[in-house]
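Open the model in your viewer and keep the sequence panel beside it. The stops below are given in the order to select them.

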Amino acid sequence: ATREAYDGAQFTLVDCPGHASLIKTVLGGASIIDLMILVVDAQKGVQTQTAECLVVGEITTDRLIVAVNKIDAFAEEVREEKVAKMQAKLASVFAKTKFKGCAMLPVSARPGGADSQALDSGGDPPIGIEALKTKLLELIPEVKKKREAEGAFLFAVDHCFPVKGQGTVLTGTTLRGSVAVGDTIEIPHLKLEKKIKSMQMFKKSVDSCARGDRLGICVAGLDAKVLERGLVCEPNTVPTFDAAIVSASKIRFFKSAVKCGAKFHITIGHTTVMATVHFFGDVSRGGENALADALASMQLTEVGFDASKEYKHCEELLTETEARAIVDEAGGVDAFDAPTFAKYALLEFEQPITVPTDELYIASRLDTDIHQNTCRLAFHGRMLQHINTQREPDAIRSLRVFKMKSREGAIERVQDERTVIGKGMFKKESDLTAFLGMRVWTSNQECGTIEGGFGKSGKYKVYFSNGIKKGAGNGKLTLRFKKYVFDAQGKKMQQTGL
């Protein structure tokens with residue numbers, strides 16, 4: 001029925017090379033993937049580069065077909081058994097991913113191997129390719145659901161060349177929106193605007209295009225040498241910026257810690273640049289359900305990042321499995337410092353980039369030795385808010401991301417039923433001006449206020465408006481406050497919400 005519904009189907013293949021050194025090419029094509037064919041060697045199974053391509057697939061699409069290739073390497077009498085064993089191994093791998101239960105088709109694209117002349121000399125034909133085509137056709141209706149024309153026009157250029165007497169042709173894929181002959185488009189990183197003279201789709205002239213279309217766009221007055229790969233868009237819709245707020249999810253195959261302050265290669269389309277990362281998450285509500293709430297808060301919601309809200313700094317980005325392990329090991333919850341797990345990040349780029357604000361990104365350690373058997377893709381997410389620090393110098397400083405800080409002291413003596421003298425929290429030479437009026441807590445969670453210094457030895461007077469229980473002498477005093485991470489002066493100490 002699917003075959004009869006279409007006179008013909010044109011698939012655009014985005015080649016994701018398996019060789020580890022070409023991972024940038026893989027990531028560059030990630031944003032235009034609708035469905036994925038994962039080619040796995042029937043003898044070797046999943047290798048490091050296979051895992052990295054699987055990660056890209058998980059990030060970019062919900063549809064996967066596995067082509068178990070080179071089945072001709074098995075003798076015909078044992079082929080079915082060997083292929084079944086490999087399919088069972090692969091099924092256990094995919095069971096841990098979003099592609100559980102995906103179709104796995106045994107194929108041999110070129111029986112006899114790359115050196116075989118079989119295709120040219122009437123040898124054995126390819127095995128299983130027709131079944132693969134049929135499966136692809138079955139998925140066309142699902143893919144077409146994504147073919148909306150909403151949003152500003154965005155086009156990923158993968159090739160640029162001059163045509164004598166016509167102009168310069170930009171070939172690529174429409175990522176979003178639509179455009180028509182006569183419209184003006186912008187090459188944002190060059191700050192150039194050009195009018196479309198003509199368009200072709202698979203050698204046929206067209207007047208317009210929509211998301212997902214492979215296209216050649218002809219413009220005049222553009223030097224083909226200044227653009228090889230990049231973006232073309234509706235004018236003034238793709239900004240240039242040097243920092244961004246993003247959503248962040250750690251890739252479970254990445255075995256190293258993803259620490260705050262570390263540098264990663266950030267790839268957005270065909271742009272890759274180094275960035276320093278700072279993680280933060282929603283403030284936990286505390287209480288007996290604090291740990292469960294902290295886990296639940298790792299999930300992104302439709303509300304997303306809100307610059308007016310407070311967020312809590314996180315030293316490390318964790319997978320949900322790693323976070324659950326911490327929750328399981330936790331003996332209890334600090335009422336003043338409930339756990340928070342990161343789901344947002346601030347990326348500070350080493351140089352300005354020109355990309356759409358809402359695009360997918362992937363963070364990697366591309367400097368890792370390619371001969372190591374390890375995944376180099378660390379975390380991923382989407383751009384949520386861009387920051388141009390030249391135009392908005394206070395934008396990062398205004399982010400309300402805090403760390404919980406504390407100072408410990410002790411009650412030296414009870415002066416009266418509402419006043420105690422404390423010690424051990426400040427040094428003898430400390431200026432207590434910044435701490436006047438701040439609250440402290442006893443080990444019984446009685447709350448008092450620092451009224452001022454007492455003598456010249458770093459002691460201080462604390463007033464408890466509701467009184468203090470007898471026997472509190474020599475008890476512990478704790479000063480807790482929020483310190484804002486991006487406050488350049490480091491002076492802001494707040495106790496709001498504590």
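Seven of the nine residues in β28 are buried, that is, under 20% relative accessible area with a 1.4 Å probe and protein chains only; exposed is over 50%, and partly exposed lies in between. This is a predicted model, in which local features need pLDDT of at least 70, side-chain atom pairs count only at pLDDT 80 or more, and totals for chains, interfaces and linings use all residues. Residues are numbered from 1 along each chain as its sequence is written, and side-chain values use heavy atoms, without hydrogens or water.

Which strands pair with β28? Strands count as paired if DSSP finds at least two bridges between them.

- β23 (401-416) runs antiparallel to β28, with nine bridges; F402 faces Y484.
- β25 (439-442) is also antiparallel to β28, with three bridges; V440 is opposite L479.
- β29 (493-494) is joined to β28 by two bridges, again antiparallel; K482 stands opposite Q494.

Next, select V246 in strand β13 (240-247). V246 is buried, at 0% relative accessible area. M383 is 137 residues away in sequence, yet its C-alpha is 4.6 Å from that of V246. Among the residues that V246 touches are Y344, Y361 and M383; contact means heavy atoms within 4.5 Å.

Finish with helix α4, residues 76-94. Color R79, V83, M86, L90 and F94, which are buried. On the other side of α4, E77, K85 and K89 are exposed. The buried residues of α4 pack against β1, α3, β2 and β3.

Methods
Helix = DSSP H or I, 4+ residues; strand = E, 2+ residues; numbered from the N terminus. Expected span 1.5 Å × (residues − 1). Lists of a residue's contacts leave out its neighbours within four places in sequence.
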